[in-house]
Amino acid sequence: MAQKLLVDPPVNPRIDGGYLDLLSDDLLGDTGGDAPERNTGTIQAVWASRLGSMVYDNSQLVVRRLVTSWQLPIDWLSLPVGGVALDVGSGPGNVTGALGRAAGPGGLALGVDISEPMLARAVRAEAGPNVGFVRADAQRLPFRDESVDAVVSMAMLQLIPDPAVALAEMVRVLRPGRRMAVMVPTAGPAARLMGVLPNAGARVFDDDEIGDTLESLGVVGVRTKTIGTIQWVRGRRT
């Protein structure tokens, strides 16, 4: 079913890791100048090491489980039974698994991530008949326009070069009238001051940044909820 959602399904899909790898070297070819910008900050350089990857993967697992235990807006998303849900920056896959349970046996939940170790962990923990994972770039989602019924993204936008592009991609693949929810770290007005610091590979957002971006993309009913340094932003595509 996932193949039918892709803009350009590979002739020889690479799935030996238990997930569909759309970023493997033999599939990338010559991307020319259209390739999304990659984050080359200090944090990404540390994560590229074996030890850094292990620390990042385990910290992401703990953080996502803690946050989702009391904040995941599954009910608010109104995912129809038999629908398709997308988890962008799926990490250990626990959110993707929850979306799969909400979609039911006839539905589908797909998790997208760029980290191979994290995808391997997600496959072991959550993959099933209606839960799958794809290695792809959030700044260029491989899915067709208006192909999913709900989109969730948790603690991912702060790690990529162009969060606005990733948000535009999420809106693009969302069907009209359907809902999305994004969680990001926020620093309120201090985010503007932190923006002048050297690139470390991660950022924080001010109170209105994500909401304003979504409204500029045509998302309506945008609502934000900030608890400490965590902000949820929700809205519906027109």
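Q: Buried means under 20% relative accessible area, exposed over 50%, and partly exposed in between, with a 1.4 Å probe and protein chains only. Is R237 buried or exposed?

A: R237 is buried, at 18% relative accessibility. The model is predicted: local features need pLDDT of at least 70 and side-chain atom pairs count only at pLDDT 80 or more, while totals for chains, interfaces and linings use all residues. Residues are numbered from 1 along each chain as its sequence is written, and side-chain values use heavy atoms, leaving out hydrogens and water.

Q: Which side chain does R237 meet in a salt bridge?

A: The partner of R237 is E146, with N to O at 3.2 Å. A salt bridge here is a side-chain nitrogen of Lys or Arg within 4 Å of a carboxyl oxygen of Asp or Glu.

Q: How many salt bridges are found in the whole structure?

A: The search finds 9.

Q: What does R175 pair with?

A: R175 forms a salt bridge with D149, and their closest N and O atoms are 2.8 Å apart. Because R175 belongs to strand β6 (residues 174–185) and D149 to strand β5, the bridge ties together parts 26 residues apart in sequence. D149 is buried at 5% relative accessibility, whereas R175 is partly exposed at 28%.

Q: Changing topic, which residue forms a salt bridge with E169?

A: That residue is R172, the closest N and O atoms being 2.9 Å apart. E169 and R172 are 3 residues apart in helix α8 (residues 163–173), so about one helical turn separates them. E169 is buried, with a relative accessible area of 13%.

Q: Which residues do salt bridges with shared partners join into one network?

A: The network consists of D21, E116 and R135.

Q: Back to E169: what does it touch?

A: E169 touches A138, Q139, R140 and L141, not counting residues up to four places away in sequence. Contact means heavy atoms within 4.5 Å. For L141, the backbone nitrogen lies 2.7 Å from a polar atom of the E169 side chain.

Note on methods:
Helix = DSSP H or I, 4+ residues; strand = E, 2+ residues; numbered from the N terminus. Polar contact = N/O pair within 3.5 Å; in protein donor to acceptor, adjacent residues only side chain to side chain.
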